[in-house]
Amino acid sequence: MALSDVAEIAQGAAEERSFARLDGRPVVGFQVQKTRQGSDVTAERSVREAIAKLRKAHPDMDFTEVLSTAKQTRESFSSTLHVLIEGMVLAALVVFLFLKDWRATAIAAVAMPLSLIPTFAVMQLLGFSLNGLTLLALTLVIGILVDDAIVEIENIEKRIEAGLSPYRASLVGADAIGLAVVATTATIVAVFLPVSFMGGIVGQFFREFGLTVAISVSFSLLVARLVTPVMAAYFLKPKPPGHAVVERMPGFYRRTLDWALKNRWKTAGIGALAAVASLGLAATRPIGFQPTQDAGFFYITLTAPPGASAAAMEQSVAAATRALMAQPETHHVMAVVGDGNALSEAILTVVLADHRARDTDTFMRQVRPLLRQIPDVRIATQTGFAAADVVITLTGDDPALLTRTQEQLMREMAALKEISGVRPAPAPQGKELVVRPHLDEAARLGVDARALASVLRVATIGDIDANVAKISQGERRTPIRVRLAREARQDPQVLGALRVPTLDGKSTPLSAIADFGFEAGPGQIVRQDRRRRASIEADLEGVTTGQAFAAIHALPTMRRLPPGITEVAAGDMEQTQEAFGGFVWALGAGVFLIYGVMCLLFHSLFKPITILSALPLVALGAFAGLALAGLPITLPVLIGLLMLLGLAGKNSILLVEFVIEAEKAGMDRWTALHEACRERGRPIVMTTLAMIAGMIPTALGLGEGAAFRKPMSIAVIGGLVSSTLLSLVLVPAAYEFVDDVERWLKARLSRLVTARSPGDDAPIVETAPGKALG
């Protein structure tokens, strides 16, 4: 008997288990990823050079670049460079408007590049790259880099206006402001260093961010203390005789300050009211992990029932591609179907045109209803991180109870307007061939488990390549695969008639030793911390993750989870909790370090409390700015709040340091406070406006990556406005409070301290051995 009499023999390709389509056309696709140490831009350039060679070697083939994420890196770098330059120009313009001297403006402006260049050198030594976070750090500090130079040059210019020569004014001015400049820079370093030591995944990202800020402001201190006074001594011009100017305090400000100092309790009440108002504004803002960004591409997952055929997936992918290509914003749709084992899932990469009417998030939300009209598939959209917008994860030891809870929660979530596309993860149960051997009968007939498994494997998917015979065709060896026809594999009667060999050399039908059929079974079993896990995914509908999670946790099932079922953080929820927890730790550590640094610099445990009293004032303007702009509290907003802590402390230090030195010189407290506000008011306003000017290009949302930087800039600008206006009035009043408490405690605790004797502070004179010391 010939083999062809009992079997169909054909030579062809293996059964299709994956395929790709670009804009509906069959293609062979591939992707290239850079190494960990590699550069996105360099990798992109190298790939394009290689593709150019392939295109030249194979002119009959068409090569199409579907997507390059390095494009975002290049555009973000270019945008950051423009923002840096614009910020430098605007900050220099602020200096010129106040000092009205192009020489002083040039000296202050030079401080920015002189601080940035060595920063790049240290970043290179530490192995940092110009990535999104280091570029964000440089954008954030551009206004700060000029602050120290502004304070120095303003102080020197003030003495030149009073009649001193530039050389003498540089010596006197730099000496008078030195401690304040060192203290303000130490404050910003103390705020940002803890960010570098945050734990978790978020902490790994922000290590480079915190260190970049600390390094750049440290170099700005060196420039302000070493370069700016020297340049001022030899570059500034003396004022002509009779040009001496005595700076006066504006009348409105003087009257407001007098009222605040005379009504300390009312002033304290205003400060407390501002703090409460900031908490109220914060409560009105939704919370999210990161702002919605216009990436220009997104992913769509099409999930079909288990066992879906290639023809069915081809039809579904074609329908989705047609719906997407009908939109004017769509540039390419790349579909990859199957993973080499099953064809039940397809990933569509949707690339949008550069010039489009709708942003990525709006486009994604508006095409979902169109795609969900495709029958027999489940549609899910994913962001650039290829993750679902919302993930709720439940764990438990009882699989049945866990499944019932998951299904009940899905029904409740489907009714929420904040989300759409509610779906289980992993995929729902699908039908599979389940074989249950009759152990007693199999043992009686002499059938072992290996023989049973071998028959089923050969009949359904064919034997593995290592076991099958091969036919030689020249230098190629083609495997010979034996299996049942597709129709027979789905027929239980045909499967039951299969003969299974026994140990005595005979055979018995499969139906005699086993029950089998197509039953529902889990696609995969997932565990977390040794407990069964079930997740629910969903897409956001124009709200933040915080708003969506709040609505989900208000559902009856989430409020009363069954015993044994617990929720664990996952996805954006886990990252948000990790990020907010890490930043709360960083804020606390920053405040503690600010206090410690100020105690060391001012030799007092009480005076630094005055500086800390200004820190809550930044929140009022920050949250008010977010409310006016309609923005949520996200990760960049937390970064902005960190920066505001350092800037608010900076303004307070300039005031408190002057008061302390004036009181040491014999001036009474009331006069010292007025003189501090008169002398340091202008540099405080100048540095604040320079910082705001440096942030304006970012706040306007210009360029690639602006969606991430914009909330941070708006929060910083709002916080600067509120903290500057309030600190110029509230900090002097707080100083009176703290100073009174310190004097009260000194009077009562002085008897416990040994007083110094006359001559204890005299210089120490070296004496020869054997002589009396004195």
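Author: One term to start with: two residues are in contact, or touch, when they have heavy atoms within 4.5 Å. The model here is predicted.

Reader: OK. Which residues does Gly-496 touch, then, leaving out those up to four places away in sequence?

Author: Gly-496 touches Pro-509, Leu-510, Ser-511 and Phe-516 on that basis.

Reader: And where is Gly-496? Is Gly-496 buried or exposed?

Author: Gly-496 is in helix H17, which covers residues 492-496. Its relative accessible area is 6%. Buried means under 20%, so Gly-496 counts as buried.

Reader: How far apart are the C-alpha atoms of Gly-496 and Ile-392?

Author: They are 43 Å apart, and the two residues are separated by 104 residues along the chain.

Reader: Changing topic. What order do the strands have in the open sheet of six?

Author: The order is S2-S1-S4-S5-S3-S6, and the pairing is antiparallel.

Reader: Which strands stand at the edges?

Author: Strand S2 (25-27) and strand S6 (378-382) do. Each has a single partner strand, so one side of each is left without a neighbour in the sheet.

Reader: What is the average twist from one strand to the next?

Author: The twist averages 25°.

Reader: Let's take S1. How many bridges pair S1 with S4?

Author: Four bridges, in the antiparallel sense, link strand S1 (residues 19-22) to strand S4 (residues 330-337). Leu-22 stands opposite Met-334 in S4, and the bridge partner of Arg-21 in S4 is Ala-335.

Reader: And how many bridges pair S1 with S2?

Author: S1 and S2 pair over three bridges, also antiparallel. Here Leu-22 stands opposite Arg-25 in S2. The two strands form a hairpin with two residues between them. Asp-23, in the turn, has a positive phi of about 55°.

Reader: Which residues of S1 are buried, and on which side?

Author: Phe-19 and Arg-21 are buried on one side, and Ala-20 and Leu-22 are buried on the other.

Reader: Which residues make the contact?

Author: From H9, Trp-259, Ala-260, Leu-261 and Lys-262 take part; from H10, Arg-264, Lys-266, Thr-267 and Ile-270 do. These residues divide into four nonpolar, one polar and three charged.

Reader: Now Asn-155. Buried or exposed?

Author: Asn-155 is buried, with a relative accessible area of 4%. Asn-155 lies in helix H6 (residues 147-161).

Reader: What does the side chain of Asn-155 reach?

Author: The side chain reaches the backbone oxygen of Gly-173 at 2.9 Å. Leaving out residues up to four places away in sequence, Asn-155 touches Gly-173, Ala-176 and Ile-177.

Reader: And Glu-418, where is that found?

Author: Glu-418 is in the loop between helix H13 (399-413) and strand S8 (419-425). Its relative accessibility is 16%, so Glu-418 counts as buried.

Reader: What polar contact does the side chain of Glu-418 make?

Author: It makes one with the side chain of Lys-417, at 3.5 Å. Residues up to four places away in sequence aside, Glu-418 touches several others, including Asp-539, Leu-540 and Glu-541.

Reader: Last one. How do S10 and S11 pair?

Author: Strand S10 (residues 470-473) and strand S11 (residues 476-479) pair in the antiparallel sense over four bridges. The bridge partner of Gln-473 in S11 is Arg-476. Their hairpin has two residues between the strands, and Gly-474 takes a positive phi near 70° there.

How values were computed: Residues are numbered from 1 along each chain as its sequence is written. This is a predicted model: local features need pLDDT of at least 70, side-chain atom pairs count only at pLDDT 80 or more; totals for chains, interfaces and linings use all residues. Side-chain values use heavy atoms; hydrogens and water are left out. Buried means under 20% relative accessible area, exposed over 50%, partly exposed in between (1.4 Å probe, protein chains only). A polar contact is a pair of N or O atoms within 3.5 Å; within protein, one must be able to donate a hydrogen and the other to accept it, and residues adjacent in sequence count only if both atoms are side-chain atoms. Ala, Val, Leu, Ile, Met, Phe, Trp, Tyr, Cys and Pro count as nonpolar, Asp, Glu, Lys and Arg as charged, and the others, Gly among them, as polar. Two strands pair if DSSP finds at least two bridges between them. Axes are lines fitted to C-alpha atoms, for helices over the stretch in contact, and angles run from 0 to 180 degrees between N-to-C directions.
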